[in-house]
Amino acid sequence: MKLIPLLPSPLSTLLERITLLATNQGTALWLVGGVIRDLLLGVPLGRDLDLVVEGDVAALSAALVAELGANLRAAHPEFGTASVAFVCDGAEVVFDLARARREVYPQPAVLPVVEPATLEEDLGRRDFSVNAMALELRIVDGHLRAGRWHDPFAGQADLSQRCLRLLHQQSLRDDPTRLLRGVRLAARLNLHPDPATQIQIRHAISQGYLSLLTPERILGELCLALEEPQPLRMLAHADAWELTPQIVPGLHATPHLAARLARYAAHPPRRVPVGQVVAGLFVYDLAAADLHALSQRYPLPSPFARLFSEIPRLRDLGPQLQTDLRPSQIDLFLRPYSDVAIHVLHYAETGIAAQRAIHYLEQMRPLRLPLDGRDIQRLGVAPGPAIGKILAGLRTAYLDGVIQTREQAEAWVINNR
Ligand code: CTP
């Protein structure tokens, strides 16, 4: 197992220092979960890494803060967990430290009761075989080296066959969020559930396990899903698993939606939160009642709530933007909408409407007039609402090319005051 040389070097140096500290405390450290999976696949690592600690988590996290300058993000000594952050290669990387544990679910879909356990049990409580591998970190002659390797559920073989496999029969009942985690993982890493897992998924859906979760927990998973780079593939999996109607009733993987998501994936936006844009695209065709029900069901963060309320009007705008319009009319139509909403319009529509949306954002919205309110007062307009009217008229004239220079703008104000 040659995973250590695959670690990017700043991270490997950091892990070496962490492991040295742990070793000095007589504590064994295991790299587990997503980081192992991603190293094996050769895909970029996330910024959140999991370490199982065979020893005193509180003492280790305190030493990481005192001696390596880590930032303590959270500590739950009663559960044997702590979260510490470092700046590594110019970006933040977070290590979630946890004692090996077993989880007991007092009822389906509630958070588990946690008890100390062996590493084997800890791996066995996890969701999928590809997330249930562990590599011990050791220091040999002062350098970071691989120690023992645990892959009790053949996760490595599953990865090479692109197979998504649940570890035990109760998994989805214990924690139905795993259905949504499965969709994310399958789409991101191009995995497919094995036949036994498919049966478990179908059973979980038909039993309505998802409805046992709080809306907050479902929403948390949905927000993670919206950040994924392959929204279309995610929707395909969610549809194949018959999950979509239970999460977002009325959402269908139509060719229209597929085309929109493909346009988005080909040129994702750079200056707005991508999760909000993807959410907007997903709900763009929802009937007003389904859209409303969605806002009622989930405690949406305010930018999402605002966007969802804008969608029906935005949809009406699409055909209008296809017609013959002066620039100032386009400005008037689009001005009330957020940058996110206009990005949604850009990906959702085609042809001239799509071009106008992005042109508005890039050229018209940032436009600064050659005169401001004070200039207009100097030209003899009294302070008050008249200034606003003049500015609006000036913007119209400017956008439509009636005026181009400061001199022309001043002349326009004098003629129109
Ligand atoms: N895990 C689990 N069941 C859950 C959530 C997490 O079994 N409902 C386990 C998995 O072993 C997972 C690990 O906890 O690998 C860490 O979870 P998380 O950080 O959420 O995911 P990662 O696997 O690290 O994946 P990602 O790349 O999506 O962050």
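Tutor: Asp, Glu, Lys and Arg count as charged, Ala, Val, Leu, Ile, Met, Phe, Trp, Tyr, Cys and Pro as nonpolar, and the others, Gly among them, as polar. By that scheme the shell around the ligand holds 9 charged, 4 polar and no nonpolar residues. The model is predicted: local features need pLDDT of at least 70 and side-chain atom pairs 80 or more, while totals for chains, interfaces and linings use all residues. Numbering runs from 1 along each chain as its sequence is written, and side-chain values use heavy atoms, without hydrogens and water.

Student: Which residues around the ligand come nearest?

Tutor: Among the 13 residues around the ligand, these are Arg-37, Asp-50, Asp-127, Asp-175 and Arg-188. A residue is near if one of its heavy atoms lies within 4 Å.

Student: Which helix gives the most to the shell?

Tutor: H7 does, with 5 residues. Helix H2 (34-41) and helix H7 (177-189) each supply at least two; helices are DSSP runs (H or I, at least four residues).

Student: Which domains each give at least three residues to the shell?

Tutor: Domain 1 (4-161) and domain 2 (167-247) do. Such bounds come from an automatic or database domain assignment. The centres of domain 1 and domain 4, over C-alpha atoms, are 63 Å apart.
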